[in-house]
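Here is a short tour of how the chains of this model meet one another. Please keep the sequence and the 3D view open as you read.

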Amino acid sequence: MSAPGTNDTEPWPLWEVFVRSSRGLSHLHAGSLHAPDAEMAVRNARDLYTRRNEGVSIWVVRSTDITTSDPDAKGAFFESPRGKEYRHASYYTESEGVKHL
Amino acid sequence: MATAAQRKRSDDAELPEDPAGRAHFDELIAADQRVEPTDWMPDAYRKTLVRQVSQHAHSEIIGMQPEGNWITRAPSLKRKAILMAKVQDEAGHGLYLYSAAQTLGTPRDKMTEDLISGKAKYSSIFNYPTPTWADMGSIGWLVDGAAICNQVPLCRASYGPYARAMVRICKEESFHQRQGFEILLHLSRGTKEQHEMAQESVNRWYAPALMMFGPPDADSPNSAQSMAWNIKRFSNDELRQRFVDMIVPQAEVLGLTLPDPAIKWNEERGHYDFGELDWDEFYEVLKGRGPANAIRLERRRTAHEEGAWVREAAAAYAERRRVESEKAQAA
Amino acid sequence: MSDQTFRISAGEALTAEKITEAGEKPTEAVANYALRLGDDALILAQRLGWWIARAPELEEDVALGNIALDQLGHARSFLSYAALAWDKTEDDLAYFRYEPEFVNLQLVEQPNGDFAATIARQFIISHFQFELYRRLVDSTDATLAAIAAKAVKEVDYHRDHATQWVLRLALGTEESRRRMIAGLGVMWPYVDEMFRDDDLVESLGDAAVRPSSLREDFDTVTGAVLAEAELEVPEGFVARGGGREGIHTEFFGPMLAEMQVLARAHPEATW
């Protein structure tokens with residue numbers, strides 16, 4: 001399943017836009033837009049999503065090229081990490097008060 | 001307007017019914033959480049959202065015209081730059097909203113088609129003309145002011161993509177109302193002619209702006225369901241009152257009069273009272289008999305049709321490039 | 001999308017207001033030169049502003065809006081600087097000069113035509129402005145250099161935008177190719193005028209850029225794009241020009257009347 005809203009009949013395909021707001025941060029999803037090709041998509045993204053200094057770098061990707069996890073398998077996909085407290089530092093209470101640990 | 005019976009029918013028609021999905025949806029709404037595009041949602045919820053979000057998008061796009069009307073004639077370069085940026089923002093906001101609506105499964109060209117064929121609605125406020133420069137002030141102060149009252153609660157709307165689009169829009173629009181207020185302030189404190197221009201414009205925009213919140217709660221059939229779904233957070237009348245309470249003291253700062261002799265502070269209610277609005281006119285404009293309906297739609301249609309060859313050219317070029325690169329890879 | 005992730009800001013940059021505030025008076029000659037560059041940008045912005053809400057696609061409304069706003073920004077900076085020489089304001093210069101007092105190139109006043117004609121005009125002017133500003137950053141006049149330093153980066157994007165569209169329209173469909181060729185045909189006669197030197201430029205020495213010195217680079221870069229687009233450089237009719245001396249094509253008067261109408265109706269007013 002690709003990104004929501006994908007539609008093959010549109011003359012200009014849908015693109016998802018990811019913007020890095022400043023150096024050292026990840027690209028985050030900002031929204032989507034229509035463009036005939038990648039060159040124009042990245043330019044349209046610049047014009048549309050960075051008019052107020054929101055970004056220093058942009059990624060665009062065809063919405064159809066995104067694969068999403070199956071929404072119906074939400075349980076199976078995301079249940080596992082729950083309850084595995086031992087993956088988190090807060091689980092280890094005996095070392096409380098010991099410095100630099 | 002859907003009757004209870006019609007609504008029932010459309011519920012029955014909903015396929016496939018997914019009991020687990022519905023339970024999850026109900027849980028999300030009850031917990032005031034966000035619904036995301038891939039979640040199961042009732043058909044009526046989806047339809048309501050597509051209608052509301054696309055209407056909102058259309059309003060931004062049609063709303064470019066009454067202000068765009070003054071870009072070439074703005075009376076100072078600073079005002080010209082502000083106006084251009086504002087109208088351009090509206091194009092951007094329309095795009096954010098079309099994107100949000102598209103996640104519900106309706107492609108943009110379908111929404112555009114509905115708009116230019118006259119099938120889709122947009123805010124009827126944009127069917128009023130802008131004969132004077134002061135209208136740029138009134139639109140900013142009153143129309144955008146009313147829009148902001150409506151929009152701020154929408155940042156918490158239950159549908160995630162809509163709420164996210166609204167967060168960005170509200171952030172960007174924060175300057176829109178202020179610039180309108182400043183236009184009016186300069187006019188009001190300017191020459192006699194300027195002051196009169198400002199007052200005449202406020203006289204024309206006051207009532208239409210108040211009607212932007214929609215009909216009185218008693219006559220607003222879809223409101224209750226929208227509030228139950230956490231799409232709408234406050235009733236039409238609550239928002240309208242909030243807006244009047246806001247603009248009465250602002251008008252005093254402007255040195256302008258709101259054209260409603262019934263406006264009076266009500267100590268008991270802790271709100272300003274105001275007069276009845278002429279809803280007959282509202283419904284006239286809503287039905288497409290507003291002063292500029294035909295002009296607005298015609299302009300949008302022309303832009304879309306005259307742009308067709310450009311969109312086709314860009315698509316053809318992209319295809320040509322794709323074929324070329326495939327050939328190059330095969331070689 | 002929290003407030004933390006997509007902060008918005010205006011960012012630091014040279015603005016018309018800062019130039020006025022600094023009050024650094026240019027010489028008469030520098031002011032006249034700044035007036036030319038300011039008029040080019042102003043008239044172009046005025047033309048481009050018309051497209052907002054009329055572009056072929058919404059994304060393009062936003063793109064053309066950005067370009068128009070950049071040009072208007074450059075115009076305001078140049079005009080605010082020029083105005084200091086005559087104890088005037090940018091608005092005095094924009095709204096209260098008559099047609100023969102405007103010294104913009106005739107190219108920028110040409111009507112928008114269809115999207116291809118607008119792109120053709122944009123392609124020519126942004127390559128010209130890029131070559132000009134790229135050199136003006138070394139002007140001995142510090143304010144001109146500073147304005148150019150901001151403008152050159154923005155114009156670099158404009159020429160890229162125009163180039164992308166020249167390629168797409170020229171190599172897109174039969175119709176778009178026909179229109180692109182026609183658009184270039186309408187605009188190209190005004191190219192020659194852009195590169196003419198005159199006494200003012202000569203008198204300014206290293207404060208200004210000699211237009212004739214830009215021609216070679218302009219021809220090389222635009223020629224390469226046109227070749228990629230499988231287009232010929234249009235030949236034939238060369239417009240007489242004269243924009244720098246206040247001679248304008250007949251399209252200019254109505255446009256100016258529209259731009260100035262409100263300001264002139266209220267000469268005592270501020271806005």
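## Where chain C meets its neighbours

The side chains of Arg320(B) and Glu230(C) come together in a salt bridge, 3.5 Å from N to O; the term stands for a side-chain nitrogen of Lys or Arg within 4 Å of a carboxyl oxygen of Asp or Glu. Between chain C and chain B there are four salt bridges.

Before going further, note that this is a predicted model: local features need pLDDT of at least 70, side-chain atom pairs count only at pLDDT 80 or more, and totals for chains, interfaces and linings use all residues. Residues are numbered from 1 along each chain as its sequence is written, chains are lettered from A and ligands numbered from 1 in the order in which they are written, and side-chain values use heavy atoms, with hydrogens and water left out.

| Interface | Buried area | Carbon and sulfur share | Polar contacts (both residues at pLDDT 80 or more) |
|---|---|---|---|
| Chain C and chain B | about 4700 Å² | 65% | 15 residue pairs |
| Chain C and chain A | about 1900 Å² | 57% | eight residue pairs |

The contact with chain B takes 55 residues from chain C and 48 residues from chain B. On the chain C side, the largest share, 11 residues, comes from α3(C); helices here are DSSP runs (H or I, at least four residues), numbered from the N terminus.

Turning to chain A, the contact takes 17 residues from chain C and 20 residues from chain A. Two elements of chain C, α3 (58–85) and α7 (142–171), each give two or more residues to the side touching chain A, and α7(C) supplies the largest share, five residues.

Key:
Contact = heavy atoms within 4.5 Å. Buried area = accessible area lost by both parts, 1.4 Å probe. Polar contact = N/O pair within 3.5 Å; in protein donor to acceptor, adjacent residues only side chain to side chain.
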